[in-house]
Each structure stands twice: as structure tokens, then as C-alpha cells.
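Hi,

Here is the structure I promised to pass on to you. Have a look first, and my notes follow below.

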There are 2 protein chains.
Amino acid sequence: MHRTHTCGELNLSNLNQEVVLSGWVQKSRDLGGTTFIDVRDRYGLTQLVVNTDDADDLRTKVKDLGREFVIKVTGTVVERSNKNPKMSTGDIEIKVSDLEILNIAKLPPFMIEDETDGGDELRMKYRYLDLRRNPVRNNLILRHKMAQEIRKYLDAEGFLEVETPVLIKSTPEGARDFVVPSRMNPGEFYALPQSPQTFKQLLMVSGFDRYFQIVKCFRDEDLRADRQPEFTQIDCEMAFIEQEDILNMFEGLTRHMFKNVKGIEFDAFPRMHYADAMRLYGSDKPDIRFGMEFVSLTPTLSKGEGETGEGAEDLVKGFGFPVFDNAEFVVGINAKGAASYTRKQLDELTDFIKRPQIGATGLIYMRHNEDGSLKSSVDKFYNEEQLQKWSVAFKTEPGDLVLILSGVKEKARKQLNELRLEMGNRLGLRDKNRFAPLWVIDFPLLEWDEETERYHAMHHPFTSPKPEDIEMLDTDPGNVRANAYDLVINGTEIGGGSIRIHDKKLQSLMFKHLGFSPEEAQKQFGFLLEAFEYGAPPHGGIAFGFDRLVSILAGLDSIRDVIAFPKNNSGRDVMIDSPSTIDDKQKKELSIETTV
Amino acid sequence: MHRTHTCGELNLSNLNQEVVLSGWVQKSRDLGGTTFIDVRDRYGLTQLVVNTDDADDLRTKVKDLGREFVIKVTGTVVERSNKNPKMSTGDIEIKVSDLEILNIAKLPPFMIEDETDGGDELRMKYRYLDLRRNPVRNNLILRHKMAQEIRKYLDAEGFLEVETPVLIKSTPEGARDFVVPSRMNPGEFYALPQSPQTFKQLLMVSGFDRYFQIVKCFRDEDLRADRQPEFTQIDCEMAFIEQEDILNMFEGLTRHMFKNVKGIEFDAFPRMHYADAMRLYGSDKPDIRFGMEFVSLTPTLSKGEGETGEGAEDLVKGFGFPVFDNAEFVVGINAKGAASYTRKQLDELTDFIKRPQIGATGLIYMRHNEDGSLKSSVDKFYNEEQLQKWSVAFKTEPGDLVLILSGVKEKARKQLNELRLEMGNRLGLRDKNRFAPLWVIDFPLLEWDEETERYHAMHHPFTSPKPEDIEMLDTDPGNVRANAYDLVINGTEIGGGSIRIHDKKLQSLMFKHLGFSPEEAQKQFGFLLEAFEYGAPPHGGIAFGFDRLVSILAGLDSIRDVIAFPKNNSGRDVMIDSPSTIDDKQKKELSIETTV
């Protein structure tokens, strides 16, 4: 027998028991002839003791032990004189009577400790050693628990997990597909799914009613720091429902998960219209752990936003400051308590917003000093009276710092969103252990694509418009709202979905507005459109990015450490050295050649 | 609101309630002005009634209804005069007050009934309609339940579900890989995993201890009737265990599943040595729902099998019958109660064993007639006294039929295995609602490959030999037994695994015997071998074919109907018409060309 107990469970209740443990040598140290060894497994650490009066044979073996050797020990549980309250087994140690080296180990290329000296590349190359570290393993344990809880909730709600195929068909729309040459069908290719979207809609046509799947999806995109070519989605769809049913069901799922995995309970999730999110946060995924809402200093430009009266008075134009005079839009935030920012700190912020990925040209600030005075970087153009109006608009108090950007509206909002998040970080307002979920609803149905000069479906071509907005499809397509929604936590989109179109006429109208001829629509979506002719029920769904969701619950910025074997930014698995070349015989069988 | 209830739940306790139901029109029939409509959803059928005295508007809509129209009805639950005890809702019907057609439907190409008139090809093309049929949907509900129960059991036993990558590396050994050209790494390819074997072993090196995953795997093989290019595996691995631990753990899993999904409880699973399975059933996956064990009429040939004394006397040779005289091996079964088989039935059996896929040349039989007399098809050569000895060997009673094949040992056994299963079918001994699990253990480590004239690993190169057999590696490699085991149910292998080698020296020895040079071993298994140098624990595992397992519990012969969207024998999905050609731009981006 390899063990009677794990390395994480023995305590004073086990005193004097003879036990067998197996695990890895975490460390071994000799103190005046007595050797203390920490043996580690997935469950914890236990201290072993070998004394000077133990058998020579045993003492020799102990001397040979290196870090990460795999051992099996037999011994007796004794009370420690020097207890360690930080360890679950810290009250006891094992007086070893027998020790067997199950396997030797080379010295690992980095320390197997919570804080390691291994760099990213090295950790990835030896991922199997990195996975021995507690923080990495705990992320994967969290992931396992989350998947279990998700399935438990959805099963109880009558959802059926149905596996959809991985070898499917390439479609020219959307992100790039990974493709798989078919040996049995020479010259033809399968594609790996970017999502099971069409299959889950087909399952609704089949009457499956409530479907889910935790499923790998694939996207051949140029990888940003935090994207993976293969990623995991919690994919869900329901029939005979309205948007409200979906929001309630998956708010319930999110609550269940947080409650059972993190012990956190939420109030009802706030809901925010897309237009408000853009107006108040310059983002469709606002981090509402903190306020710092946008204040516009120019009258609003597009209809539907001025309703609140916000920005009706122009506070910045006509004072001789050319930057604001020439700007379409001037917008700022009140960073409460940041009035004491030094010149250097303000310069850092200016540098931040001037970084190419943000691209702002300049930052205007106004301090509301502790003595009540207002001091701006544009005092030359705006007198005390004008600044007072700013102070009212931003609701400043002594100690506050107002930060203002200007430019083209949409761009300025995006830039200010970045600055707001940066200030949130700097002011410690984005605590990783606090979670602020939010539904963003009423997304636009269409978005204008500058490159192709036509409208694209913001979500996908099967997303339904709000019934009351359908008539605007002809007159004002950009302002038609969709039955589409995102779930956002802490400024990260973790899920999104929509109510689908199930009516053939409406679908044809949509295709027309997306610039598809009936023939093109047929070619791309033929089998789904055909399926819809055999009795499609009203349906809708949502999909969550599981990697992202785990990383948020784990308090991590990157998804990489919640994935057991991730790929790097070039899509390579450096551990197994993949992708790699294949031999000519294999290519010949697949009827392909490589051109490099 | 689309529904207050499902179509499967209303009964007399709901009398007089106003309800809303949504679903598909199963059928509609008019009886003297009163229309009865069966509306269907995933949960059942409910009968709707519209009378002659109902509003014209409603009656017009009802007249328009076709099969598979999607409707929403409001009405009152009333007691049926003509109850249908076969339906869960058979005591009631809905007196309709309002009906809305949510979607119209074309007439389906086949009947949406339990027994359909649709052929296989048509059902697959319109799989989304096929999935509306109860038997098909019920298979997928069973599959969902099984997956849930498997996860529940393994989670409770401390297993962690860890997702391993789908885009991995091609290895030249084993079945053909599906490959995926990498755009970011031109000329290089990922491969889709045939199993997560190496990753689960790496997870053991990482200390994960108890791993599982229900995971898609891929094999580019020529598809037999019951193979799919993508299939689902329940993949499991444990560290610090012996073979006995694995058998117990996964016997427990199987019990749990049968108990919670089918309400069936098992005694301890019998275990059979591979050698006995071959000797008694001519198969490494015997169907033990019935006996009909093999009886050899020639002395056994290889050592280790004669120990029981079975076949020590030669009962067939030297009597002038050239077929038996020239045969290496003569072996038969006693088909109890089949003595009454007619000439025609016996001819059918002969035809059966002569089919090319079985390839036997002739069948000898002996009847033990009801009057006690023995009558064989080779009476010319064997007299009553000789036949009496056969009768003793086969333990025949009046009414029994002995069927005998001869030839080269291994081949004759395989042929007789087919005949035994056929007789099991004909005699009604293979009831799909009876389940007979069996562990087959002590598989050979190596198997001789005629083509390459060398030994191959029967399981895989990391499978460990029985310690007591290791010394035979040099002298008698073909008889070295492995720590390898299969779980068999009703004659179908549903799982298999092994205890792995974790010792570097033993692994090198294995590679030597498999004909790998150290360089070749390094090239093919480099990163795993390297990982093993950093402290590999003793470990082993098992993998179950999930599709197959579901099909057995569903009582089906084919796995196709337990897969939502299966592919046909050419690897095509005829519904989405995949695989398909991709455009030249896509190929160019991937640095590939097609050669057809």
C-alpha cells in the first residue's frame, strides 16, 4: 500500500498511529544529526523526523534525498515540540521507521514554491513542474469546482448537456477558423468550431428546450497577451423564453457559483443600458466597483443621450482654448482624493494616455485644493467662475482631481475609460476580492464597419432586434437596439448572448440589411435556415468565457494560469514543442502540400 | 409568457386551472367538428380540444395547423371522458381559449414518431428533426445523466477534472492523427489528440493524484460501421496506487452509474485472466451473459494452458477424418437445447461461419437427441463410442447441439467466438436488459506484428510488465503479462488501462524490446521521458469509451444514436455538408496547397 493518509490530513487526533505517506520531498534539513523532511502531496505538507538513534540504513537513505524525490515513508505520528500553526499538519510530525525512495529526481530548473524564481518561459517549458506549485494547482482546483457547480445548477434547472461536434464546417464570416484536412475526402477540410452557435440553435429546433455544454472552442486569431487559440465556453440555450428569463436564469447560475465556490452572496445584479454604459464609462463593460462616472462638458451630440439633460450647457467652448474649441467632445472624471497628485504623478498620467495603444494627445486637469481653491492646467483660458461651473458639473470637493480629455466623441470616451481604470488601480478602488456583477443590455443590433462600408451584426446575424425598433431598420439602422446582453464582472465581459430571430421574414430582412443576397445567405447559413422552416421555437441563449470567469474568481489578470497546459503568444506549446512539422507521407495521405 | 407548464406534467390535480403550453403539433384530428390536437415538447404530449362552439377565429387557426407547427395555447385543464393511461397527461385535456401560431412548419421529410419511416441517410440529413423523436432524445438524456453521475462519483472520490489541450503534437505511432495547419507557424501542424494519455501522465508527475476528464478524442481511421472520427472518452489516472486500487475505484464508478441511472445493482465483478478468456471464449471481451464455454478436443499446445488438464486427451485425431487430422486445433461449443435445429438452420450456421469476415471452412456438429442417441455430421469417421467421449467432454444432455470448428488455433478460436455469439443471439441468451460486467486482467505486454516482424506494445509503451514476468522479457517476450486490464460488459470492451512504468531503467528496457533506439524513444516521447526524470510517482489509469458505454446502457447496437450529430461512414456530416472545400485565400494564409 502506498499510503494510509495524505500529507494534508494528520493532526493530534492521529497521535501514536502508524501511518504510511507518499509524496515529494519539499525540503530536507539537518539540525545536529536530526533530519527534518517536509513531504508534499496535493493535499499538503507533513514533517518527517529521522534521529541520530535511528538505523544507519534509514539515515543513509535520508542523506541521499534530494528535492522532489518521490518517497514512501512509514512511521508514527508524534506531537511536535515546535508547532507550526500555519500548516494544517503543524501540530504533529512523523517519526520515520521506514523510508523507500520510489523515484529519484533531477534538481528542478526553478523552485517549487508559492513564489518561484522561474520566469514565464521556463515555467511553461516545464509546466508539469510549475503545476506542482500550490497557487497554480489551486487555480485548477478552483476551475474543477466551478465546472462542477455549474453543471449541478444547470442540471437541477433541467438543462441537458449535449456534446456538439468538433469537426465541423468552415464559414467565411467572423474570426479565422482552424481547419483540418480530411484524408477520406481529399481536398476537403473540416473546421474547428469558434462556438457551437448553430448546433445549439438546431437543438432548440429539435425541442431540446434547455441545452448547455462546457466546451472547447477555437479561434485562429493573432494572440494578444490574454487570448488562447483554444478556449473553453459555457454554452447555453433555451427555448420558449424571453430575455428576462435568460437574465434571471444565468444571474442565478452566477450567484450559485459565487456562493458555493467563494461563499459570496450578491444582491440583484444591476442592469445598465449599453448607451448609458458608453455615456457614463466609455465602455460596454464598465467596472462598477467604483463610481468615477464620466461628465461631459460639451452638449451631447446624438439623440437619445440628451434626455437626462446632462451636458446641455457647453462649459468649455468659446474661451479661447483651441484644443477644446476644436474638439467634438470634452469629457472628464473626478478622481476623488487625488488633488495631492504631484507634477510627476500627473506627468505619468499624461504619458499613460499618450501611449500608442490609447493614443490621446493631452490631459487637462483641475485640482480642487484642500483650501477650497480651484487650480487647472488651463488657467490661462478659464477663470475661477468658469472653473466653479466645472466643479459643480463634477461635484468636486476639496481634495478631488478632475481629469479631462477631448477629441472625437467615441475615441475620447474610450481613452477616458482607460484613464478611469488606471485611476481606479492607482487609488486602490479595484480590489480583486470584491466582485461587482452587472448586466449590460440593449446593445445595438448593427455596427458600422469603416473598412467594408456596411453594417455588420454586432452579436451575430441571428440576433433579434427589439420589436419596437424594427421600423428604424430602414431609417436609422445604427440606433436599432438588439435583444442582446452581456454579463460583466469587474470590468470584464464574462458572458454574452441574445434572443434569436425565429421568424423567417424578419431573418430575411436582417440579411438584407447586412448586405447578404438571398443566395449568399443560403450559401453561408443554408442548413440552419432550412432547419428554421421546420418549426423553430422562440429561443435565445448565452455563452460564458470559462477561462476568464475562473481567472476572475481566482483574482488573476491572465487566463494562462487557470489553464493546465496553455500556449504562448505565438500559439506554441513550448512544453511539447507544438506545432511541428509532419512527414511527407502524412501530407500525401491528406492530399496537401506546404508552401514554405 | 410562453408557458406555465410543460406538455408532460398536467394531471387531475390541475383541474380547472388556466394554463399556457407551448410546443409542436404532433397531430390534429377533427371528429365531427371537435378538433383534438396533441401538442408535444421535450417533456411529453398534451391533448388540446377545440369545439364547434368555440370562436370562429380560433377554429380557423386550428384548421390551418399542420404537423410540427409551433404553437402557444392558453386554456383550462378539464378531465377527459376518454382517458389514455399510456400518457402521463392522459387523464386530462386542455379546453383551448386562445391559440397563437409561433411558427409554421413545412411537412417533415419523415414521420416524427417513435417508429419512423425515415431511412438512415434521410434521418442524418435532417438530424435536427430526427432528434425530435422520443427514442433519439431519450438516448441523449441518458447520456447527460450518465455524464452527471460519472462526475458526481469521481468528484466525491477526490478526482479533479482537468482540461488537456486539443491542439497538440503529431506522433508517428498508433492510428493516424488529424492535423491542423498553423497559420502563425507556417509549415507546421498541430494534431488532434487520440487520447490525453501523455498529458494525464504529466498531471501525475505534477502531483494531481486523481485526474479525470470527459473529453473528445480523434482518430483518422477508416471508419467501420460503428466508429466515429471524433469520440468521447472518460479518461482517468491515479497516482500512488496499485492495480487493485484502480479496479476497485472504477468498479465502484460502474456500479454507481448503473445504480443511479438504471436502478441496477451488481455483485462484485468477476475477473478473468486474458489467457482464460481466450481459452474459454476465444475473445478478450467475452460475453458472459451466457456460458457455452469452449471445449478443446485436441491437447492444448502452449504451456500455461494445460494446467487444468483440459484437452489432455486427443478425441479427434487418428480416426481417418482428414480435416481434423490435419488441423492444429479442434474446438467446439455445446449449444444447449439446439438439437432440434433443422438441416436448413444448420446450413445457415455453416454459411455464417463461411462469411469472408469470419472465414471458417466448415462446421461439424453432433446432436444429442432427445432419445439419448448421438448423431454427428462425421458419423463416417467417429463411432458411437467416440461420440460418447465427445458428449462427456461437452457435458451434453438430450436436446443439445455440439458445434465444432477446426484449424489454426488462434483463428479457430476467433471463428468459434463469432459462432458462439451468433448462437447466443439465436437462442435468446443476449438480453439487452441484462448486464454482465467482467474484468479481463493480465493482458500480454507485447504482441507480435507479422507485418513489421517485431513486437508492439499491446496497450502502449508505458504499460508496466508484471514484476514476476520481467525476467521473461529476454527469453519469452510474448508470454510476459502486463499490469493491464479491460472492463467488458456484454461482450463489449468499454474501458481499458494499465499501471504505467515510472522507473527509468524499466522504461529503457521496454523501449529496447519494442525496437526503439534511445534516439527514437527520445524523438517520440522526449518531453514525457524528461518529465519522468523530475520525480514521477507510481501511477496508472483507465479510459472508457463513453459513446459505447451509453449505447450499452441504452440497449443499442450502434453508437450513432447516442451522438447528437454523428458522422457517416465516410466521415461526413451530411447535415452540414462537411468536410468541404475552403477558399484559396484561406489556404494561402495557412501556407498549404491541396494536391487534388
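Let me start with a cysteine: Cys236(A) is buried, because its relative accessibility is 0%, under the 20% cut-off. Please keep in mind that this is a predicted model. Cys236(A) takes part in no disulfide, and the nearest cysteine sulfur belongs to Cys217(A), 12 Å away. Searching the whole structure turns up zero disulfides over all chains. Cys7(A) is another buried residue, with a relative accessible area of 0%.

Now to chain B, where I looked at two helix pairs.

On the α4(B) side, the contact involves Asn139(B), Leu142(B), Arg143(B), Met146(B), Ala147(B) and Ile150(B), which meet Phe546(B), Asp547(B), Leu549(B), Val550(B) and Leu553(B) of α15(B). By class, that makes eight nonpolar residues, one polar and two charged.

The second pair is α9 (residues 343–354) and α11 (residues 409–426) of chain B, packed at an angle of about 140 degrees with axes 10 Å apart. The two helices, α9(B) and α11(B), are therefore oblique to each other, and α9(B) passes α11(B) in a right-handed crossing. From α9(B), the contact draws on Gln345(B), Glu348(B), Leu349(B), Phe352(B) and Ile353(B), and from α11(B) on Glu418(B), Leu419(B), Glu422(B), Met423(B) and Arg426(B). Here the residues divide into five nonpolar, one polar and four charged.

Best wishes

Note on methods: Residues numbered from 1 in each chain as written. Chains lettered and ligands numbered in written order. Predicted model: local features only at pLDDT ≥ 70, side-chain atom pairs only at ≥ 80, totals over all residues. Heavy atoms only, no water. Contact = heavy atoms within 4.5 Å. Helix = DSSP H or I, 4+ residues; strand = E, 2+ residues; numbered from the N terminus. Nonpolar A, V, L, I, M, F, W, Y, C, P; charged D, E, K, R; others polar. Axes fitted to C-alpha atoms, helices over the stretch in contact; angles between N-to-C directions. Parallel < 35°, antiparallel > 145°, perpendicular 65-115°, else oblique. Left-handed = near helix turned anticlockwise from the far one by under 90°. Disulfide = S-S within 2.5 Å. Buried < 20%, exposed > 50% of the residue type's maximum accessible area, 1.4 Å probe, protein only.
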